[in-house]
Amino acid sequence: MSEVPFDPVKSLPQVKMAASVGAAAGRLRRVIRRMPSWRGPSRRPLSLEPPPARATAVRQAFLSFFRDRHGHRLLPSASVRPRGDPSLLFVNAGMNQFKPIFLGTVDPRSEMAGFRRVANSQKCVRAGGRHSDLEDVGRDLSHHTFFEMLGNWAFGGEYFKEEACSMAWELLTQVYGVPEDRLWVSYFGGDPKTGLGPDLESRDIWLSLGVPASRVLSFGPQENFWEMGDTGPCGPCTEIHYDLAGGVGAPQLVELWNLVFMQYNREADGSLQPLPQRHVDTGMGLERLVAVLQGRRSTYDTDLFSPLLSAIHQGCGAPPYLGRVGAADEGRTDTAYRVVADHIRTLSVCIADGVCPGMSGAPLVLRQILRRAVRFSAEVLRAPPGFLGSLVPVVVDTLGDTYPELQKNSAQIANLVSEDEASFLASLQRGRRVIDRTLRRLGPSDMFPADVAWSLSLSGNLGLPLDLLELMLEEKGVQLDSAGLARLAQEEAQHQARQAEPVQEPGLRIDIHALGELQRRGVPPTDDSPKYNYSLQPGGGYEFHTCEAQVLQLYTEDGSAVASVGEGRRCGLLLDKTNFYAEQGGQASDRGYLVRVGQQDVLFPVVQAQVYGGFILHEAVAPECLKVGDQVQLHVDKAWRLGCMEKHTATHLLNWALRQALGPGTEQRGSHLNPERLRLDVAIKAPLTPEQLRAAEGTVQEAVGQDKAVYVEEVALARTAHIPGLRFLDEVYPDPVRVVSVGVPVAEALGPDSQAALQTSVELCCGTHLLRTGAIGDVVVIGERQLTKGTTRLLAITGEQAQQARELGQSLAQEVEAAAERLSQGSRELVEARRLSKDIGRLTDAVENAVMPQWQRQELQATLKVMQRRANTAIRKLEMGQAAQKTQELLRRHSGAPLIVDTVSTESLSVLVKVVRQLCKQAPHTSVLLLSPQPLGHVLCACQVAQSATPAFTAEAWALAVCGHMGGKAWGSQVVAQGTGNTANLEAALSTARAYALNQL
């Protein structure tokens, strides 16, 4: 199926085939389900025949076949960045971009709505999230994080099973020349639990194409029934497998192509309903296909990877690649070859599509991939610095003709990879020293401490991906304390939640008595000017300098001043100077670590810094004894600090943009920011309109797009007193005070006749800021709520997160437009009207909870509210019409009878109740009970008792008797009741209903 990328090779154990075809097929079903990853030697070709074609020709042959022979429209690959789909970190299947068609939400006016038969080669990334192959890459010969998915689609019943199977068989056997006796197929064998029978149609199609019955296997829903999610389009699939053994011994099957036939919709109650329009969705991994066609057992032995493997060998001087795995791979050299080759492809494709290594989501996964590649290239292959960036041109040569964005962005990709490689190498070397020192202190059976692992990880200080850290420990034969690590991760998540809505919590602090003691001793306030010691590099990255300091005082958790703290103790450090930003002015504290000067292999994690009367207290955990007088070197968490700088500069711009949109009377009432998001409280007279929010965002976008310089200067406080437009908060400012001005030098902004503060952002601020606005990327307000009358709180995000929010908003807007078009066309069938109403309700929930632009949320919510009313009105009209029709049928069948007990075909309890009511209205002396059978044995029940029969005969008791007989429940009043049940014997339920009524009457 197109959702399944290059999985582990499915291999069969070496057993003799039984004489009976039936017994053989049964045995094959059992063993193919185990599907272990093939780990044999990779360099031996499958045959002595020369490779038939290069990968480029294989890809082009696929596209040309569907375009020229079968009239498919060729589409370019979508970006690996999912557009408007927050459920995905990366595009991981060819079908992702066509979800609106499958879900029925495509805008009928869009180009996509006109797609009937299309084909393409889609760039896919499988890393992070539920479906991740990252940790397996390198360990075997089959896994990749980036792969290409060849696919063809037919929408709206353009063609279905027979054509799809025939095309696939024709391409494989006639175009690619795959021997027919090497191909096996599987089909859906049915599922008794859901009442679905076997897909005999697919089986018979394969038999008609000449596939022997012994090579046509049936499987259950786990293997051969594809579902998009818990609800939504789904259907049986049929797979084509290739036999690696070639008739020698038992079959060794590898899945080659998956053909999915979307013909059902999984409802919220778990039932399956036929789709009004059927679709075909197929997917075949290019890397695996090329391996088969080039006679190789490993994709790494194909021409998709051989240029990279050759470049790696030439660039680092490691022994040549031999395709070994497991224990045979001495020194893990071949593992490193595979990791580096795979990861540089993934990095190049992702960066070309605008996903760059970063702090969260897909960018964080990419950062993890890059650092994994750096570690293997530097430590295993002994590659020189800058090596990874030198491989980018090889990737461009291999894939650039097919994906021109690689050629367009090749220089940017290489520069970014090289910069991050250089940054991480220093951390990697320090991490290795910390690991080695920690291991020397462990006993033979001790696990690696969770707190040390955390300080080394991406979540801690050195930025080592956890899977990489586990791999490094695995090489040493040491197990990581995973339970302790999970506890620390939970604590970090709780800390992040508190950062979003900060509250004052008890913790390490310098109280009034300790402050008095420091002042009595003449200890000067902490010099924190080094926190501003950072610079912008030519490549666009920031360099944050370290700071050397002396420990002046140590504090225990209860606030006691001590001369030293022991191993494992949480403590407060007072230093003579620091480069850490202590939480103030709404900006979250820095975090990072410190080391003793001359002892770089012991990290003291610093979780936060707080300021008390000019003294900055660093909260840390001491892995070893620390004493007053020790000389230490401080390192801020660069990614964390940069995230805060982006949010702080964005906060200034948003504050200024709101004044531009709402007028100069708009006042800031407070703010708070961390690397994830920013919060801005503003005093405004009325709630913000969508137009005002959109205008403010547009103003910020303009300033960001111009990449304006951010000027910062300390000036005498008196100089700022009478500047028009200069923003003051209700705070006590130091003298001199720092002024932050966007786009205008501070001296010019504070000139006697300057109007700059009315035309750009100029504020008094002690925070850390970007040096140019372009690094913000984008700003999107994603939330708004009223705190008090006249004060509104805005939540906003920046960068990649903001871009994803815009894409999600645009995607939801298109879905709403498509639903509005369906609504305007009207529904003749009740099923269709109900489906539309459910879709509108689903969209309403999605818009309410989505991370998207707030202005767009407000607009869509207003539109959906009107649409839902119209949809409900349409349903009521159709239900009344359907009920009237069924009422007349029943009256003709039961003319003049005092009791009507019968079945009615309807899909909802609402219609059933309307039929009962209309019957009793037209025949007021008749008591009525109707049952309506549903899928999977469910039964709906509705009844009404004639007024003349009550109170001795009540509707509620009647419904309870009948539904109780069916193992269900009922509710209602003396006159009208309804209920549900479950039975396969409807006649027995009807008999119970008649008997009860006759007994009461």
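Me: Contact means that heavy atoms lie within 4.5 Å. Which residues of α9 and α13 meet?

Reply: In this predicted model, Ile-344, Ser-348, Ile-351 and Ala-352 of α9 meet Ile-413, Leu-416 and Val-417 of α13. The residues of this contact divide into 6 nonpolar, 1 polar and no charged.

Me: Why is α9 called oblique to α13?

Reply: The axes of α9 and α13 cross at roughly 120°. Roughly perpendicular ends at 115 degrees and roughly antiparallel begins over 145, so α9 is oblique to α13. The two axes come within 9 Å, and the crossing is right-handed.

Me: What makes α13 and α15 oblique to each other?

Reply: Helix α13 (residues 410–441) and helix α15 (residues 466–476) pack at an angle of about 45°, with their axes 12 Å apart. Roughly parallel requires an angle under 35 degrees, and roughly perpendicular starts at 65; α13 and α15 are therefore oblique. In this case too a handedness is assigned: α13 passes α15 in a right-handed crossing.

Me: Which residues make the contact of α13 and α15?

Reply: From α13 come Phe-424, Leu-428, Arg-432, Ile-435, Asp-436 and Leu-439. From α15 come Leu-468, Leu-469, Met-472, Leu-473 and Lys-476. The residues of this contact divide into 8 nonpolar, no polar and 3 charged.

Me: How do you know that Arg-372 is buried?

Reply: The cut-off for buried is under 20% relative accessible area. Arg-372 has 2% relative accessibility and therefore counts as buried. Arg-372 belongs to helix α10 (residues 361–380).

Me: Which residues is Arg-372 in contact with, leaving aside its neighbours within four places in sequence?

Reply: The contacts of Arg-372 are Leu-134, Glu-135, Val-137, Val-339, His-343, Asp-467, Leu-468 and Leu-471. One of these, Leu-468, also takes part in the contact of α13 and α15.

Me: Why is Gly-568 called exposed?

Reply: Exposed means over 50%, and Gly-568 has 53% relative accessibility, so Gly-568 counts as exposed. Gly-568 is placed in the loop between β14 (564–565) and β15 (569–575).

Me: What does Gly-568 touch, not counting residues up to four places away in sequence?

Reply: With those residues set aside, Gly-568 touches Val-621, Ala-622 and Pro-623. Separately, Gly-568 and Phe-604 are 36 residues apart in sequence, and their C-alpha atoms are 10.0 Å apart in space.

Me: What makes the pair of Phe-98 and Phe-115 edge-to-face?

Reply: Two values are needed for the answer. The ring centres of Phe-98 and Phe-115 are 6.4 Å apart, and rings pair if their centres lie within 6.5 Å. The planes of Phe-98 and Phe-115 are 80° apart, and edge-to-face requires over 60 degrees; the pair is therefore edge-to-face. This is one of the 19 aromatic pairs that the structure holds.

Me: Where do Phe-98 and Phe-115 lie?

Reply: Phe-98 is in the loop between β1 (73–74) and α3 (99–103), and Phe-115 is in the loop between α3 and β2 (117–125). The two residues are 17 apart, and their pair links distant parts of the chain. Ring pairs also bring Phe-98 and Phe-115 into a cluster with Phe-102, Trp-153 and Phe-155.

Me: How do you know that Phe-98 is buried?

Reply: The relative accessible area of Phe-98 is 0%, so Phe-98 is buried.

Me: What makes helix α11 (residues 387–399) mostly covered?

Reply: Of the 13 residues of α11, 10 are buried. Among them are Phe-387, Leu-388, Gly-389, Leu-391 and Thr-398.

Me: Why does Asp-707 count as partly exposed?

Reply: Asp-707 has 29% relative accessibility, so Asp-707 counts as partly exposed. The loop between α19 (690–705) and β23 holds Asp-707. Phi of Asp-707 is near 50°, a positive value in a residue other than glycine.

Terms used. Residues numbered from 1 in each chain as written. Predicted model: local features only at pLDDT ≥ 70, side-chain atom pairs only at ≥ 80, totals over all residues. Heavy atoms only, no water. Helix = DSSP H or I, 4+ residues; strand = E, 2+ residues; numbered from the N terminus. Buried < 20%, exposed > 50% of the residue type's maximum accessible area, 1.4 Å probe, protein only. Axes fitted to C-alpha atoms, helices over the stretch in contact; angles between N-to-C directions. Left-handed = near helix turned anticlockwise from the far one by under 90°. Nonpolar A, V, L, I, M, F, W, Y, C, P; charged D, E, K, R; others polar. Phe/Tyr/Trp six-rings, centres within 6.5 Å; stacked < 30°, edge-to-face > 60°.
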